[in-house]
Amino acid sequence: RVLEVLRRELDWLARTSPPTGCAGLVSAIAWARDVPEDSILTGGGSSYLIYLALPRWLTADSRVLLLDPTYGEYAHVLERVIGCAVDRLVLDGREEYAVNLERLEEALRRNHDMVILVNPNSPTGRHAPADAMREVLRRAPVETRVWVDETYVEYAGPGQSLESLAANSENVIVCKSMSKVYALSGLRVAYLCAGPHQLEPLRAWTPPWAVGLPGQVAAVEALGDPGYYAARYRETHVLREELAVRLGGLGLRVIPGVANFLLCHLPEEAPEASAVVKACRLEGLFLRDASPMGTALGRRALRIAVKDGGTNDRMIQVLGAVLRRMEPGLGARFAEKAVV
């Protein structure tokens, strides 16, 4: 439906200015998420919103708590753009990088200006259930802003978003990108959900036409068909579990997650992730070296996207061949398990 409307209306979409404040898109989000319209602020992708909000809420004297590992963009903005102090809540690989909520709650008492949580987290794919998160966040100091990035939360199932909590909270902000769970990355659509008192100061800094007209139309169309996406999420879960088994057959340690990617650790005897990524790229397979995304990951962490069945087959073939070529004794031990 999204592609159909874009193709049908391309001429009009290309030459027409969008609604200045994304009014139709805001109404569609509010309807789909059952939150008030004044609790929504749209922007051209989550990066746009990160760069809009964080430098206006934080200064070089601020102190922020960040998960480790997590998106590298947050650390970049905090440390290199704003220049504030960053404390890291290091996630334990022996616990498969799950967020320990007791440790999180203890850290929340340390008077940070902001806490940034990505849930489900990237690159780990781990998700802390909404009910447990609500209890922890309700006890957080009201002076501490809590930013929850929920880019992948729809993969975790219905009722797992904290948007309703954020809309009625003094200090919780939910950041939602429509890039991943709606496959609209190129159209750059995202929004913040929070109490109006948090969003109003940001509206003054938000330029008109923050989301282009094709993005607004595509997002409204996508929000109107939740059944279609729910079916695709179920399909993704099946494909992810199948891919996890086959990656394990290549000797990788696979972290269980809920999103459309998998975090994997190469065996200790394998080359480092950067070398494997480079070798795979020469074969047309683009993987992500996840090692720079956190101190806890070591040098052999890969993040691998879940694709359709045929593409997953090809990924396994290429990765298996690369590992056997780079470390002949390694891939051969697992080749039989990896073959479909």
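**Helices and strands**

Guide: Ser47, Ile50, Tyr51, Leu54 and Pro55 in helix H4 meet Glu73, Tyr74, His76, Val77, Leu78, Val81 and Ile82 in H5, where contact means heavy atoms within 4.5 Å. The residues of this contact are nine nonpolar, two polar and one charged (Ala, Val, Leu, Ile, Met, Phe, Trp, Tyr, Cys and Pro count as nonpolar, Asp, Glu, Lys and Arg as charged, and the others, Gly among them, as polar). This is a predicted model: local features need pLDDT of at least 70, side-chain atom pairs count only at pLDDT 80 or more, and totals for chains, interfaces and linings use all residues. Residues are numbered from 1 along each chain as its sequence is written, and side-chain values use heavy atoms, leaving out hydrogens and water.

Visitor: At what angle do the axes of H4 and H5 cross?

Guide: Two packed helices are described by the angle and the distance between their axes. Here the axes of H4 (residues 46-57) and H5 (residues 72-82) cross at roughly 40° and come within 11 Å. That makes H4 oblique to H5 (under 35 degrees is roughly parallel, over 145 roughly antiparallel, 65 to 115 roughly perpendicular, the rest oblique).

Visitor: Which residues point each way from strand S9?

Guide: In a regular strand the side chains alternate between the two faces of the sheet. From S9, Phe261, Leu263 and His265 point one way, Leu262 and Cys264 the other, and all are buried (under 20% relative accessible area, with a 1.4 Å probe and protein chains only).

Visitor: How many bridges join S9 to S11?

Guide: Five, and these strands run antiparallel. Cysteine 264 has leucine 302 as its bridge partner in S11.

How values were computed
Axes are lines fitted to C-alpha atoms, for helices over the stretch in contact, and angles run from 0 to 180 degrees between N-to-C directions. Helices (H or I, at least four residues) and strands (E, at least two) are DSSP runs, numbered from the N terminus. Buried means under 20% relative accessible area, exposed over 50%, partly exposed in between (1.4 Å probe, protein chains only). Two strands pair if DSSP finds at least two bridges between them.
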